Amino acid sequence: MRWLRRLLGGRRVQLDPGRQQALLHDVQSRYGPHARIRFNEQVESLAGSLDSDDGLVVATRIVSQVADEAHVDLQAQAQEIHRRTGRRLLVHRRNYRPLWKEAGPALRWPLFALPCGFHPYAQVAAAVTVVGKRAPRIDRVTDPNPLVTRLFEVLDLTTSGWEYGRVRVDTDAATLADRLIVSTGQVLAAMDDPPRLPPAVRELMRRNNTVAVHDPAGPRAVGGINLGARMREEFLV
């Protein structure tokens, strides 16, 4: 594996765990819905602060932690539904769409209230941006395969939330989805042997419908996003 050869070989990068911890603390404490600047400004500021190899490590951790905690949350929700109703739900990390199709009205979209406190439109969007921008260096600091799997998971959760989880599609939500698509495509392009696209992505790529995108502060539609077209542009290269 190229990433392992680079880590063990003479081109090893010098990483600073202390610096990574300081960056992570800054990401958690300064940004999110409590910050007094708009999400797009937070993303720009955060992405700039993580523009280094240590910042890339932090960004990959954010993506992985969000995906892991979202999975645990959905498992807990499925167990609670079973306890109350006797209804069994399958929570499959490679494809969340069947779960949302079956139980969407009974589920809470997990990305707004994870234990880590990372907000999808602030820290997550920034981390995803950094991962895409520095995609050619990912295999110098970590194995890209689990990372791309987690990126696909967060993309699946985002789009399923739109369709089945009553998540409002505003400009911040559309920006997150677009950043996920673009950055995942950049990571795939940088990999020697990229994995097969997961079922949820292949399903959406067969579509060609445009979703209305709304103003975060009001009901007015200000544009649209065609997820299938964007995915075909980035993943079919």
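Author: Before we start, one term: two residues are in contact when heavy atoms of theirs lie within 4.5 Å. Keep in mind, too, that this is a predicted model.

Reader: Got it. Which residues does Q123 touch, leaving out those up to four places away in sequence?

Author: With those neighbours left out, Q123 touches V27, Q28, Y31, G32, L46, I62, G117 and F118. Q123 itself belongs to helix α6.

Reader: Is Q123 buried or exposed?

Author: The general idea is a cut-off: buried means under 20% relative accessible area. Q123 comes in at 1% relative accessibility, so it counts as buried.

Reader: What does the side chain of Q123 reach?

Author: For polar contacts, look for a pair of N or O atoms within 3.5 Å. The Q123 side chain has one reach to the backbone oxygen of V27, at 3.2 Å, and another to the backbone nitrogen of H119, at 2.9 Å.

Reader: How does the span of α2 compare with what's expected?

Author: The check is end to end, first C-alpha to last. Helix α2 takes in residues 17-30, 14 residues in total, and reaches 20 Å, close to the 20 Å expected at 1.5 Å a residue.

Reader: And what happens at the ends of α2?

Author: At its start, a side-chain oxygen of D16 gets to within 3.0 Å of the backbone nitrogen of G18. After the helix comes G32, with a positive phi near 130°.

Reader: Let's zoom out. How many residues are in the largest nonpolar core, and which have the most contacts inside it?

Author: That core has 74 residues, with V66 and F235 having the most contacts inside it. Helix α4 supplies the largest share, 12 residues.

Reader: What is F235 in contact with, its neighbours within four places aside?

Author: The list runs F152, L155, I181, T184, G185, L188, L197, V201 and M205.

Reader: How far is L188 from G224, C-alpha to C-alpha?

Author: They are 36 residues apart along the chain, and their C-alpha atoms are separated by 26 Å. G224 sits in strand β2 (residues 221-225). Beyond four places in sequence, G224 touches T210, V211, A212 and V213.

Terms used. Residues numbered from 1 in each chain as written. Predicted model: local features only at pLDDT ≥ 70, side-chain atom pairs only at ≥ 80, totals over all residues. Heavy atoms only, no water. Helix = DSSP H or I, 4+ residues; strand = E, 2+ residues; numbered from the N terminus. Expected span 1.5 Å × (residues − 1). Polar contact = N/O pair within 3.5 Å; in protein donor to acceptor, adjacent residues only side chain to side chain. Core = buried A, V, L, I, M, F, W, Y, C linked by side-chain atoms within 4.5 Å. Buried < 20%, exposed > 50% of the residue type's maximum accessible area, 1.4 Å probe, protein only.
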